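Trainee: I have a model open and I'd like to learn how to read it. Can you take me through it one feature at a time?

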Amino acid sequence: MVLLGAILLLMPKNPLVENLTLEAGTAVSAEQFLKKDSGKSVSFVTDISKLNLTVPGEHTLEISVGGKTYSTVLVIEDKTAPKADPVNSATQAGVLPDPEDLVTNIRDVGPVTVSYQVEPDVSKGGEVTARVLLTDAAGNTAVVEVKLLVMQDE
(Lines give C-alpha, C1' and ligand atoms only; values in the text may rest on other atoms or scores of the structure.)
Protein backbone atom coordinates (compact mmCIF):
# COMPACT_ATOMS: atom_id res chain seq x y z
CA MET A 1 0.00 0.00 0.00
CA VAL A 2 2.84 2.40 0.80
CA LEU A 3 4.38 1.75 -2.64
CA LEU A 4 1.09 2.51 -4.41
CA GLY A 5 0.73 5.78 -2.48
CA ALA A 6 4.27 6.78 -3.38
CA ILE A 7 3.64 6.04 -7.05
CA LEU A 8 0.50 8.16 -7.01
CA LEU A 9 2.42 11.03 -5.43
CA LEU A 10 5.13 10.79 -8.10
CA MET A 11 2.64 10.76 -10.99
CA PRO A 12 2.10 14.29 -12.23
CA LYS A 13 -1.47 15.51 -11.98
CA ASN A 14 -3.07 16.27 -15.31
CA PRO A 15 -3.03 20.08 -15.59
CA LEU A 16 -5.62 19.92 -18.38
CA VAL A 17 -9.39 19.97 -18.17
CA GLU A 18 -10.95 16.58 -18.90
CA ASN A 19 -12.76 18.03 -21.91
CA LEU A 20 -13.38 21.41 -23.49
CA THR A 21 -16.53 22.21 -25.43
CA LEU A 22 -16.41 24.85 -28.17
CA GLU A 23 -18.84 26.12 -30.76
CA ALA A 24 -18.18 24.90 -34.30
CA GLY A 25 -15.87 27.23 -36.21
CA THR A 26 -14.27 28.68 -33.06
CA ALA A 27 -10.49 29.05 -32.96
CA VAL A 28 -8.76 26.83 -30.41
CA SER A 29 -5.47 27.20 -28.54
CA ALA A 30 -3.61 24.79 -26.26
CA GLU A 31 -3.85 27.29 -23.38
CA GLN A 32 -7.65 26.96 -23.34
CA PHE A 33 -7.26 23.42 -21.98
CA LEU A 34 -5.29 24.41 -18.87
CA LYS A 35 -7.06 24.16 -15.52
CA LYS A 36 -4.95 27.12 -14.38
CA ASP A 37 -2.00 29.02 -15.79
CA SER A 38 1.16 27.37 -14.50
CA GLY A 39 3.62 29.51 -16.44
CA LYS A 40 4.85 26.38 -18.23
CA SER A 41 5.05 26.16 -22.00
CA VAL A 42 1.92 24.66 -23.55
CA SER A 43 1.57 23.28 -27.07
CA PHE A 44 -0.42 20.80 -29.11
CA VAL A 45 1.21 17.43 -29.75
CA THR A 46 -1.79 16.48 -31.90
CA ASP A 47 -1.78 18.21 -35.29
CA ILE A 48 -5.05 20.12 -34.96
CA SER A 49 -4.73 21.54 -38.49
CA LYS A 50 -5.93 18.10 -39.66
CA LEU A 51 -9.15 18.35 -37.62
CA ASN A 52 -12.34 19.80 -39.08
CA LEU A 53 -13.44 22.11 -36.29
CA THR A 54 -16.60 23.16 -38.14
CA VAL A 55 -18.26 19.74 -37.76
CA PRO A 56 -19.71 18.60 -34.42
CA GLY A 57 -17.85 15.72 -32.81
CA GLU A 58 -15.24 14.70 -30.25
CA HIS A 59 -11.48 14.71 -30.74
CA THR A 60 -8.97 13.19 -28.33
CA LEU A 61 -5.95 15.48 -28.19
CA GLU A 62 -2.48 15.28 -26.75
CA ILE A 63 -1.04 18.48 -25.31
CA SER A 64 2.44 19.10 -23.98
CA VAL A 65 2.68 21.06 -20.73
CA GLY A 66 6.20 21.80 -19.51
CA GLY A 67 7.58 18.99 -21.68
CA LYS A 68 5.14 16.33 -20.43
CA THR A 69 2.31 15.03 -22.63
CA TYR A 70 -1.27 14.76 -21.39
CA SER A 71 -4.56 13.72 -23.01
CA THR A 72 -7.80 15.65 -23.15
CA VAL A 73 -10.94 15.77 -25.29
CA LEU A 74 -12.15 18.60 -27.52
CA VAL A 75 -15.92 18.56 -28.06
CA ILE A 76 -17.24 20.55 -31.02
CA GLU A 77 -20.91 21.56 -30.86
CA ASP A 78 -23.03 23.55 -33.27
CA LYS A 79 -25.75 25.36 -31.35
CA THR A 80 -25.77 28.52 -33.43
CA ALA A 81 -28.61 29.00 -35.88
CA PRO A 82 -27.78 30.11 -39.40
CA LYS A 83 -28.39 33.72 -40.42
CA ALA A 84 -29.29 35.41 -43.69
CA ASP A 85 -30.49 38.75 -44.98
CA PRO A 86 -33.94 39.11 -46.59
CA VAL A 87 -34.33 40.04 -50.24
CA ASN A 88 -37.67 41.81 -50.55
CA SER A 89 -39.07 40.78 -53.92
CA ALA A 90 -41.96 40.95 -56.33
CA THR A 91 -43.73 38.18 -58.19
CA GLN A 92 -46.74 37.64 -60.39
CA ALA A 93 -49.91 36.24 -58.84
CA GLY A 94 -49.75 32.44 -58.89
CA VAL A 95 -45.94 32.35 -59.25
CA LEU A 96 -44.19 31.24 -56.07
CA PRO A 97 -40.51 32.27 -56.09
CA ASP A 98 -37.80 29.86 -55.04
CA PRO A 99 -37.16 30.48 -51.31
CA GLU A 100 -33.40 30.59 -52.00
CA ASP A 101 -34.01 33.71 -54.12
CA LEU A 102 -35.54 35.48 -51.11
CA VAL A 103 -32.42 35.42 -48.90
CA THR A 104 -28.81 36.42 -49.37
CA ASN A 105 -25.60 36.45 -47.37
CA ILE A 106 -26.26 33.11 -45.62
CA ARG A 107 -23.90 32.69 -42.67
CA ASP A 108 -23.12 29.39 -40.95
CA VAL A 109 -20.13 27.08 -40.51
CA GLY A 110 -21.69 24.43 -42.74
CA PRO A 111 -24.27 23.89 -45.44
CA VAL A 112 -27.72 25.43 -44.98
CA THR A 113 -31.02 24.21 -46.43
CA VAL A 114 -33.45 26.97 -47.45
CA SER A 115 -37.21 26.33 -47.63
CA TYR A 116 -40.51 27.97 -46.81
CA GLN A 117 -41.68 27.57 -43.24
CA VAL A 118 -45.18 27.72 -44.74
CA GLU A 119 -45.72 28.54 -48.40
CA PRO A 120 -47.12 32.06 -48.71
CA ASP A 121 -50.40 32.59 -50.56
CA VAL A 122 -49.49 34.25 -53.85
CA SER A 123 -52.84 33.57 -55.53
CA LYS A 124 -53.93 37.23 -55.52
CA GLY A 125 -52.29 40.64 -55.57
CA GLY A 126 -50.98 42.50 -52.55
CA GLU A 127 -48.12 42.33 -50.10
CA VAL A 128 -47.49 39.11 -48.22
CA THR A 129 -44.84 38.07 -45.75
CA ALA A 130 -42.89 35.01 -46.76
CA ARG A 131 -41.30 33.11 -43.87
CA VAL A 132 -38.09 31.52 -45.16
CA LEU A 133 -36.73 28.70 -43.00
CA LEU A 134 -32.96 28.18 -42.71
CA THR A 135 -31.77 24.81 -41.38
CA ASP A 136 -28.11 23.94 -40.85
CA ALA A 137 -26.49 20.49 -40.80
CA ALA A 138 -26.77 20.31 -36.99
CA GLY A 139 -30.54 20.96 -37.12
CA ASN A 140 -30.41 24.57 -35.90
CA THR A 141 -33.10 26.70 -37.53
CA ALA A 142 -33.92 30.34 -38.08
CA VAL A 143 -36.74 32.11 -39.88
CA VAL A 144 -36.21 35.16 -42.08
CA GLU A 145 -39.28 37.26 -42.85
CA VAL A 146 -39.34 38.63 -46.39
CA LYS A 147 -41.80 41.13 -47.92
CA LEU A 148 -43.17 39.76 -51.16
CA LEU A 149 -45.18 42.05 -53.46
CA VAL A 150 -47.63 39.95 -55.45
CA MET A 151 -48.70 41.70 -58.64
CA GLN A 152 -52.05 40.89 -60.17
CA ASP A 153 -52.16 41.11 -64.00
CA GLU A 154 -55.25 43.07 -64.91
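Mentor: Let's start with a word you'll need: a residue is buried under 20% relative accessible area, exposed over 50%, and partly exposed in between, using a 1.4 Å probe and protein chains only. Keep in mind that this is a predicted model, where local features need pLDDT of at least 70 and side-chain atom pairs count only at pLDDT 80 or more, while totals for chains, interfaces and linings use all residues. Residues are numbered from 1 along each chain as its sequence is written, and side-chain values use heavy atoms, with hydrogens and water left out.

Trainee: Is Asn88 buried or exposed?

Mentor: Asn88 counts as exposed, because its relative accessibility is 54%. Across the protein, 30% of the 154 residues count as buried.

Trainee: Which residues is Asn88 in contact with, leaving aside neighbours within four places in sequence?

Mentor: Contact means heavy atoms within 4.5 Å. By that rule, and with those neighbours set aside, Asn88 is in contact with Val146 and Lys147. Val146 is 58 residues from Asn88 along the chain, yet their C-alpha atoms are separated by 5.5 Å. For the protein as a whole, take the contacts with a separation of 6 or more: residues 24 or more positions apart account for 48% of them.

Trainee: What does the side chain of Asn88 reach?

Mentor: Here we look at polar contacts: pairs of N or O atoms within 3.5 Å, where within protein one must be able to donate a hydrogen and the other to accept it, and residues adjacent in sequence count only if both atoms are side-chain atoms. The side chain of Asn88 reaches the backbone nitrogen of Lys147 at 2.9 Å.

Trainee: Now two threonines, please. Is Thr72 buried or exposed?

Mentor: Thr72 is buried, since its relative accessible area is 2%. This residue is found in strand 4 (residues 68–77). Its side chain reaches two backbone oxygens, that of Val17 at 2.7 Å and that of Glu18 at 3.2 Å. Beyond four places in sequence, Thr72 touches a list of residues including Leu16, Phe33, His59 and Ile63.

Trainee: And where is the place of Thr26?

Mentor: Thr26 is in the loop between strand 1 (19–23) and strand 2 (42–44). With a relative accessible area of 31%, Thr26 is partly exposed. The side chain of Thr26 reaches the backbone oxygen of Glu23 at 2.7 Å.

Trainee: What is phi of Asn105 near?

Mentor: Phi of Asn105 is near 55°, a positive value in a residue other than glycine. Asn105 lies in strand 7 (residues 103–107) and is partly exposed, at 44% relative accessible area.

Trainee: Last one: what radius of gyration does the protein have?

Mentor: The radius is taken over C-alpha atoms, and the globule rule is 2.2 Å times the number of residues to the power 0.38. A compact globule of 154 residues would come out near 15 Å, but the protein has 26 Å. Along the principal axes, its C-alpha atoms fill a box of roughly 95 × 30 × 25 Å.

How values were computed
Helices (H or I, at least four residues) and strands (E, at least two) are DSSP runs, numbered from the N terminus.
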